[in-house]
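Hi,

Here is the structure I promised to pass on. Have a look at it first, and then read on for what turned up in it.

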Amino acid sequence: MIVCQCRRVSDRKVAASVRKGCSSLRDVCAATGAGRECGCCVRRLKELIEEHLAPQPERQIAHATA
Ligand code: FES
């Protein structure tokens with residue numbers, strides 16, 4: 001799904017940038033180009049960053065049983 005209409009940046013691209021180490025809105029905007037024009041996507045970008053930075057339940061279970 002496209003998150004940033006101005007720059008045609010998808011949620012998958014945002015997720016990939018977080019996996020590669022981006023941990024702030026500034027980092028993600030610099031890496032993807034999102035959020036640099038009208039700014040309408042900034043709120044959703046922040047939500048996506050928080051979602052992808054949060055610990056994943058599956059990973060917690062994997063670590064607990066390893
Ligand atoms: S929708 Fe992202 S900058 Fe406009």
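Let me begin at one particular loop: arginine 8 sits between β1 and β2 (9-10). Please keep in mind that this is a predicted model. Is arginine 8 buried or exposed? Its relative accessibility is 56%, and the cut-off for exposed is over 50%, so arginine 8 counts as exposed. Arginine 8 and alanine 34 are 26 residues apart along the chain, yet 7.8 Å separates their C-alpha atoms.

Now for the overall layout. The protein has two strands and four helices, and from the N terminus on the order is β-β-α-α-α-α. There are 66 residues in the protein, of which 29% count as buried. If you take the contacts between residues at least 6 apart in sequence, 46% of them join residues at least 24 apart.

Two packed helices are described by the angle between their axes and the distance between the axes. Here, helix α1 (residues 11-19) and helix α3 (residues 42-53) have axes that come within 10 Å and cross at roughly 50°. That angle makes α1 oblique to α3. As for handedness, the crossing of α1 and α3 is right-handed. Which residues make the contact? From α1 they are Asp11, Val14, Ala15 and Val18, and from α3 they are Leu45, Leu48, Ile49, His52 and Leu53. Sorted by class, the contact of α1 with α3 has seven nonpolar residues, one polar and one charged.

In soluble globular proteins, nonpolar side chains tend to be buried together. In this model the largest nonpolar core has 13 residues, and Val14, Val28 and Leu45 are those with the most contacts inside it. At least two residues of this core come from each of β1 (2-4), α1, α2 (25-32) and α3. Helix α3 gives the largest share, three residues.

Leucine 45 deserves a look of its own when you open the file. What does leucine 45 touch, leaving aside neighbours within four places in sequence? Its contacts are Val3, Val14, Leu25, Cys29, Ala34 and Gly35. Two of these names have already come up: Val14 is also part of the contact between α1 and α3, and Ala34 is the residue whose C-alpha atom lies 7.8 Å from that of arginine 8.

Over to you, and happy browsing!

Best wishes

Conventions: Residues are numbered from 1 along each chain as its sequence is written. This is a predicted model: local features need pLDDT of at least 70, side-chain atom pairs count only at pLDDT 80 or more; totals for chains, interfaces and linings use all residues. Side-chain values use heavy atoms; hydrogens and water are left out. Axes are lines fitted to C-alpha atoms, for helices over the stretch in contact, and angles run from 0 to 180 degrees between N-to-C directions. Angles under 35 degrees count as roughly parallel, over 145 as roughly antiparallel, 65 to 115 as roughly perpendicular and the rest as oblique. A crossing is left-handed if the near helix is turned anticlockwise from the far one by less than a right angle, and right-handed if clockwise. Contact means heavy atoms within 4.5 Å. Ala, Val, Leu, Ile, Met, Phe, Trp, Tyr, Cys and Pro count as nonpolar, Asp, Glu, Lys and Arg as charged, and the others, Gly among them, as polar. A nonpolar core is a set of buried Ala, Val, Leu, Ile, Met, Phe, Trp, Tyr and Cys residues joined through side-chain atoms within 4.5 Å. Buried means under 20% relative accessible area, exposed over 50%, partly exposed in between (1.4 Å probe, protein chains only).
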